[in-house]
Amino acid sequence: MTIYNPAPGGRVIDMPGGSMLRLLGLAFIALMIVILLFSAVTRVDSGAVGVLTLFGRVTGEALPEGIHVINPFKTNHELSIRTQEIKETASVPSSEGLVMNLDTSLIFHLNPHMAADVFQKIGPTYSDVLVEPNLRAAIREATASHTANALYTGEREMVAKQIFDQLSNLLGERGFIVESVLLRDIQLPATLKTSIEAKQQAEQEALAMSFRLQKEKQEAERKRIEAGGGGDF
């Protein structure tokens, strides 16, 4: 840049405009490089897996926990792979049509090798979208094949295993690992519960009476043998 001084005896002043523009350009480029370098470094928290997307498209890459250098135009989305619990309280039918209140817990976690597929096809709200509805359906299907009496007395573990097997097959294909299914509590209708408890008490009393009769019979047999032995003597 050249500036002319109109004053008498003025002189021509040369300003280094080109150098200034070059410095500004270099500073801008350096700033962009720093921004890109920061964007190229990402961190995945402990107990999570990172799913990368490029302009909204899932790339299929899954990053383990730690620091990673990635394409600065990619975005990292974290999904938890820690063990999770879903508690479900539902009114379910038995095989004879009685309605029971069943408290169930599902223990599961996300399969890290299928995290990208889960993020793309289900999304981060997979518990609400997929896991809980299938848990409810599995509970109803399992209880509908058993009587209320059996559920209350001896087949609780069988029902839990049936729910576990069904969810393991279904959720396993979608990217989740089922660890266990727990039946925390079963609440029967009051009248049915009373009749079941009365029946159990009657059965226990019958067993006790049978035991006493058997014991008295053995005692009578022992006395008869002793009496017969004395006569022989």
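**Contacts, burial and confidence**

Tutor: Leaving out residues up to four places away in sequence, Thr 53 touches Val 58, Thr 59, Phe 73, Lys 74, Thr 75, His 77 and Phe 119. Contact means heavy atoms within 4.5 Å. This is a predicted model: local features need pLDDT of at least 70, side-chain atom pairs count only at pLDDT 80 or more, and totals for chains, interfaces and linings use all residues. Residues are numbered from 1 along each chain as its sequence is written, and side-chain values use heavy atoms, with hydrogens and water left out.

Student: Is Thr 53 buried or exposed?

Tutor: Buried means under 20% relative accessible area, exposed over 50%, partly exposed in between (1.4 Å probe, protein chains only). Thr 53 has 5% relative accessibility, so Thr 53 counts as buried.

Student: Which side chain joins that of Thr 53 in a polar contact of 2.9 Å?

Tutor: A polar contact is a pair of N or O atoms within 3.5 Å; within protein, one must be able to donate a hydrogen and the other to accept it, and residues adjacent in sequence count only if both atoms are side-chain atoms. At 2.9 Å, the partner of Thr 53 is His 77.

Student: Is Leu 23 buried or exposed?

Tutor: Look at its relative accessibility: 53%. Because of that value, Leu 23 counts as exposed.

Student: What is the average pLDDT of the chain?

Tutor: pLDDT is the predictor's confidence in each residue, from 0 to 100. In this chain, 76% of the residues score at least 70. The chain average is 80.
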